[in-house]
Amino acid sequence: MDQNKIDGSTHDDDNDRSLSIEHVPLDLMGEILSRQPAKSIGRSRSVSKLWSSITTTQGFIKSFAARSSESSQPCDLLIFSKRDKLFVFSFPQTESYQFKIPRDGFLQRYDSVHGLVYLETSTQLMIWNPTMKRFFTLPEPEGSEGKYITGSLGYDPIDCKYKALCHLTGDKIGTLTLGSQESWRILSQGFPSHSRRMSDCVICINGVIYYQCFSGLSLAHAIMSFHVRSEKFHLINYPSRDGCFFVSYEGRLALMVSSNGHSGIELWILVNAENHEWVYKHFPTPYLRQTFWVLRDMKLKGVTDAGEFIYVYTPFSIYTRRGDLIHLSSDDWSGFIVIYFDPKENSSRVVKFLGISIDDLKRLRVLGSELIEGLSVVTNHIESLMSL
């Protein structure tokens with residue numbers, strides 16, 4: 001490969017020199033590359049084998065993540081899925097992605113974990129890096145180790161490693177470290193007896209994956225935790241009735257029991273997993289300054305890391321008949337509205353996602369109510385240089 005040259009000259013033409021990039025110290029080159037935007041680093045990997053080897057090391061990825069978290073502004077993602085398609089829109093960087101599930105599969109579940117998106121389809125398990133625009137299909141376990149049932153993705157903030165956790169047929173569990181060129185490590189014992197519930201209640205918080213399960217012979221509803229670094233499991237009892245969804249509240253697992261009605265918002269917050277200790281908090285229905293029509297149709301979608309409740313609304317939700325979509329014009333479309341309500345300050349902020357065209361929504365051929373129900377909001381999404 002041709003090397004780019006950095007030319008240096010003096011007043012004495014006899015002393016003219018050309019300094020090749022290959023003579024730049026590796027630590028200096030790594031420092032220069034780490035200060036580039038993530039997408040530029042991704043492009044540099046296809047320019048030079050040397051640059052690729054530098055930017056794919058764990059040390060480089062870890063230092064970039066630390067610097068990026070201090071200087072870069074995380075973005076929020078709106079994610080909508082329908083059968084074999086996934087649509088992603090970002091803010092404040094107005095970008096959009098569309099992805100079709102291969103092998104005639106359909107999307108069953110997706111999770112966002114530290115810059116990567118886990119995609120569970122009817123035919124395979126996949127990892128997507130939106131920053132690098134790369135997809136990775138998890139390999140099938142070899143031989144008679146079992147077949148996929150369901151899985152999840154976790155991130156260890158200490159070693160900066162991603163691990164896939166998959167439940168397999170034959171009451172086995174497999175773990176796979178991404179980017180390590182390792183094969184599946186299959187477990188058939190050493191964890192509490194349980195069966196994984198096929199639900200959307202899966203979340204990774206501070207290096208621990210939490211998911212719903214059935215426990216013991218009585219098949220009681222419970223929560224299983226998996227420590228990504230130590231690969232240890234722990235069974236956690238529910239604090240109250242089932243029928244909630246998992247959120248991260250101030251760095252802890254929380255069960256959001258309530259909804260959008262007049263009863264307000266109820267949270268059960270896990271404070272001690274070993275002793276099954278939960279704390280209950282109730283928040284009154286927030287006072288928002290939006291119009292009656294917005295308040296009627298908005299949906300509670302989760303909680304930010306800062307403890308703000310996330311509501312989503314779109315004028316598209318009023319279209320409840322297929323024929324109405326034909327008459328919807330760009331003049332009637334004002335984008336998606338995400339309302340962040342802070343219960344401590346009793347204040348709210350409004351973000352409008354304007355980078356979504358009405359033609360995109362028409363091609364989805366969904367009703368407005370279907371769009372809101374199938375929509376999720378990912379806050380504080382970061383850029384990841386993880387090479388898949």
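The questions and answers below concern a predicted model of one protein chain.

Me: How many helices and strands does the protein chain have?
Reply: In this predicted model, buried residues make up 47% of the 388 residues in the protein chain. As for its secondary structure, the protein chain has eight helices and 27 strands.

Me: Which residue in β4 does L78 stand opposite?
Reply: Strand β3 covers residues 75-82 and strand β4 covers residues 85-91, and the two run antiparallel, joined by seven bridges. In β4, the residue that stands opposite L78 is F89.

Me: Which residue in the turn between β8 and β9 has a positive phi?
Reply: Strand β8 (residues 125-129) pairs with strand β9 (residues 134-137) in the antiparallel sense over four bridges, and I127 stands opposite F136 in β9. The two strands form a hairpin with four residues between them. The turn residue with a positive phi, of about 55 degrees, is K133.

Me: Is S44 buried or exposed?
Reply: S44 is found in helix α2, which spans residues 38-44. Its relative accessible area is 7%, and a residue counts as buried when that value is under 20%. Because 7% falls under this cut-off, S44 is buried.

Me: Which residue's backbone oxygen does the side chain of S44 reach?
Reply: Not counting residues up to four places away in sequence, S44 touches L33, W51 and T55. The side chain of S44 also reaches a backbone oxygen at 2.6 Å, and that oxygen belongs to I41.

Me: How many disulfides does the structure hold?
Reply: A disulfide is a covalent bond between the sulfur atoms of two cysteines. Among the residues of the chain, C201 counts as buried at 9% relative accessibility, and C213 is buried with a relative accessible area of 0%. The number of disulfides that the structure holds is zero.

Me: What share of the accessible surface of the protein chain belongs to carbon and sulfur atoms?
Reply: The accessible surface of the protein chain comes to about 20400 Å². Of this surface, the share that belongs to carbon and sulfur atoms is 50%.

Terms used:
Residues are numbered from 1 along each chain as its sequence is written. This is a predicted model: local features need pLDDT of at least 70, side-chain atom pairs count only at pLDDT 80 or more; totals for chains, interfaces and linings use all residues. Side-chain values use heavy atoms; hydrogens and water are left out. Buried means under 20% relative accessible area, exposed over 50%, partly exposed in between (1.4 Å probe, protein chains only). A polar contact is a pair of N or O atoms within 3.5 Å; within protein, one must be able to donate a hydrogen and the other to accept it, and residues adjacent in sequence count only if both atoms are side-chain atoms. Contact means heavy atoms within 4.5 Å. A disulfide is a pair of cysteine sulfur atoms within 2.5 Å. Two strands pair if DSSP finds at least two bridges between them. Accessible areas come from the Shrake-Rupley method with a 1.4 Å probe; for residues, only the protein chains shown count as cover.
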